[in-house]
Amino acid sequence: MKASIRLDLDHHVGEIDRRIFSGFIEHLGRAVYEGIYDPASPLSDANGFRKDVGEALRRLAMPYMRYPGGNFVSNYDWRDGVGPQDERPVRADFAWKSIEPNTFGVDEFVRWCRWMDIEPMMAVNLGTLGARDAAELVEYCNFPGGTYWSDARRRNGSEEPHGINLWCLGNEMDGSWQAGHCTATEYAARAQQAGRLMKGVDSSIELVACGSTGRYMDTYLEWDRVVLETCWEDVDYISAHRYSRNSEDDSAWFLAEGVEIDRVLSDYVGLLAYVRGVKRSDKQIYVSFDEWNVWYKDRMIDGAWSHAPHLLEEIYNLEDALVCAQFLNSFLRHADIVKIACLAQIVNVIAPILTKPDGMLIQSIYYPFLLFSQHARGESLKPIVDGPSYIAGPRGEVPVLDVSACYEPETDSVCVFIINRSLSKDIDLQVSLSGLHARAVLNAIGFTGNDPKAHNAWEDPDVITPRSATAAVDEEARVTAVVPSLSLTVLRVKLELPS
């Protein structure tokens with residue numbers, strides 16, 4: 001099969017915000033305890049932070065980390081997780097039916113973030129707590145001193161403010177599973193009150209309002225409309241969540257998941273424009289896609305009232321990695337509205353990394369995140385793709401190639417991210433640049449395999465891993481490449497600019 005991609009530097013979407021490569025960690029299963037924090041492990045440092053996990057995550061260069069939930073946050077009192085560790089209360093976590101010792105809390109999280117060179121993104125409880133509790137957490141974290149909660153932080157070992165600038169106003173409050181679930185009207189009032197008090201303590205912070213949990217919700221978009229119309233002047237982002245699944249074991253259908261991700265973001269483009277028009281506002285609100293991943297194999301959510309139970313420890317395969325790459329492609333194609341995105345989660349729980357006491361396994365979904373984080377920067381371009389299509393079951397006819405691209409002015413280079421959804425057909429590809437010539441292929445890398453179910457395992461950890469790809473510049477200064485079936489290929493090309 002043959003295909004072509006045309007790029008024009010004048011046809012761009014917007015600047016790529018590095019915050020789309022952020023992560024999310026929740027007090028759930030072994031994400032915190034035995035994940036990033038494991039004082040009993042010989043692989044941990046003096047603070048109890050797993051050094052091997054930290055090293056693997058540093059390669060992903062995540063700029064922000066969302067915490068502490070997730071469903072956990074809606075019944076969590078942040079005050080339980082500060083102060084001397086041996087005096088903190090042990091609580092029952094009703095979200096995941098687990099025992100929470102609270103030995104890891106706000107200060108430990110911020111300390112871990114600083115160790116990792118990551119900015120903290122904090123969620124507040126608007127399910128079972130209220131606006132004052134949220135504002136007091138901002139005071140604890142961000143106020144210099146001289147008040148009750150800022151002085152408590154200083155007594156707890158953090159003399160300087162934590163300086164957290166990004167805050168989530170609750171989590172998935174449209175869901176009946178959420179502690180404190182309510183109507184859109186009630187949530188909007190809670191979020192507005194909390195947001196105003198929080199910004200009253202620190203006017204520099206940015207706020208993310210809860211949007212719809214997914215397109216499957218009966219209140220999808222109507223919830224978002226009510227929240228946005230109420231909170232437009234008080235918040236900066238609306239959240240979107242999506243967990244992709246292949247429950248029917250239909251790989252052709254599953255590999256067309258990018259079509260659905262694009263549809264969700266197109267919905268938000270229309271909604272944001274509508275509310276902005278109704279409000280007659282000059283302000284723009286953006287999307288924080290702060291939970292996204294593949295999740296359908298391990299649905300165990302009952303921790304049987306144990307500490308750090310094995311929950312949601314998904315094993316990821318090749319097709320899962322290609323779907324994760326399609327999330328990232330879609331975020332790039334919608335760089336004008338998607339400014340934040342958080343992979344959910346980062347270790348053990350639906351995560352790119354699994355741990356055991358004496359080691360760590362890198363899963364397949366680690367690698368698309370790594371490649372995009374390393375190469376996607378600058379301006380997002382609008383690729384014109386001419387290629388074959390295939391029938392993706394109930395999704396109908398879908399392009400075989402899923403593509404995004406970007407231009408980095410500092411290096412005069414273009415990077416193209418190409419996913420071949422075909423289960424069996426390679427693509428002979430040409431990439432041309434309007435009015436410009438390709439000088440050289442600086443990098444050609446990707447991953448592929450013959451079996452969509454292939455996965456990394458403890459006994460065979462390198463089944464899915466990046467390898468060199470085949471690409472060159474032809475006599476007409478176009479890039480030619482062979483894009484294997486079931487693959488992600490990343491091409492970085494040096495341009496010949498007119499003098």
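Glu291 and Arg66 form a salt bridge in this predicted model, a salt bridge being a side-chain nitrogen of Lys or Arg within 4 Å of a carboxyl oxygen of Asp or Glu, and their closest N and O atoms are 3.0 Å apart. Glu291 lies in strand E11 and Arg66 in strand E4 (residues 64–67), so the pair ties together parts that are 225 residues apart in sequence. Both residues, Glu291 and Arg66, are buried, where buried means under 20% relative accessible area, exposed means over 50%, and partly exposed covers what is in between (1.4 Å probe, protein chains only). Helices (H or I, at least four residues) and strands (E, at least two) are DSSP runs that are numbered from the N terminus.

Residues are numbered from 1 along each chain as its sequence is written, and side-chain values use heavy atoms, with hydrogens and water left out. Because this is a predicted model, local features need pLDDT of at least 70 and side-chain atom pairs count only at pLDDT 80 or more, whereas totals for chains, interfaces and linings use all residues.

**Salt bridges**

- By the rule given above, the count comes to 38 salt bridges.
- The side chains of Glu206 and Arg19 meet in a salt bridge, with 3.3 Å from N to O.
- This pair links distant parts of the chain, 187 residues apart, with Glu206 in strand E9 (residues 206–209) and Arg19 in the loop between strand E2 (12–15) and strand E3 (22–24).
- Glu206 is partly exposed, with a relative accessible area of 28%, whereas Arg19 is buried, with a relative accessible area of 14%.
- Another salt bridge joins the side chains of Glu229 and Arg225, at 3.1 Å from N to O.
- Glu229 and Arg225 both lie in helix H6 (residues 222–231), where they are four residues apart, about one turn of the helix.
- Glu229 counts as partly exposed at 23% relative accessibility, and Arg225 is also partly exposed, with a relative accessible area of 23%.
- Salt bridges that share partners join Asp77, Arg79, Arg132, Asp133 and Glu136 into one network.

**Aromatic rings**

- A search of the whole structure finds 23 aromatic pairs, and rings of Phe, Tyr and Trp (its six-membered ring) pair if their centres lie within 6.5 Å, with planes under 30 degrees apart counted as stacked, over 60 as edge-to-face and the rest as tilted.
- Tyr67 and Phe109 form an aromatic pair that is stacked, with 4.1 Å from centre to centre and 15 degrees between the planes.
- This pair links distant parts of the chain, since Tyr67 is in strand E4 and Phe109 in helix H2 (residues 106–116), 42 residues apart.
- Tyr67 is buried, with a relative accessible area of 1%, and Phe109 counts as buried at 0% relative accessibility.
- The rings of Tyr366 and Tyr367 have their centres 5.4 Å apart and their planes at 80 degrees, so this pair is edge-to-face.
- Tyr366 counts as buried at 0% relative accessibility, and Tyr367 is buried with a relative accessible area of 7%.
- One aromatic cluster is formed by Tyr33, Tyr37, Phe49, Tyr67, Phe104, Phe109 and Trp115.

**Charges over rings**

- Arg58 lies over the face of Trp115, at 4.4 Å from the ring centre, and a charge sits over a ring if NZ of Lys or CZ of Arg is within 6 Å of the ring centre and within 35 degrees of the ring normal.
- Arg299 lies over the face of Trp295, at 4.0 Å from the ring centre.

**Two residues in loops**

- Glu313 is found in the loop between strand E11 (286–294) and helix H9 (318–333), and at 15% relative accessibility Glu313 counts as buried.
- A polar contact of 2.8 Å joins the side chains of Glu313 and Arg30, a polar contact being a pair of N or O atoms within 3.5 Å, where within protein one must be able to donate a hydrogen and the other to accept it, and residues adjacent in sequence count only if both atoms are side-chain atoms.
- Not counting residues up to four places away in sequence, Glu313 touches Arg30, Asp298, Asn348 and Leu354, where contact means heavy atoms within 4.5 Å.
- Lys425 lies in the loop between strand E20 (413–420) and strand E21 (427–433), and Lys425 is partly exposed, with a relative accessible area of 48%.
- Leaving aside its neighbours within four places in sequence, Lys425 is in contact with Met1, Asn420 and Ser485.
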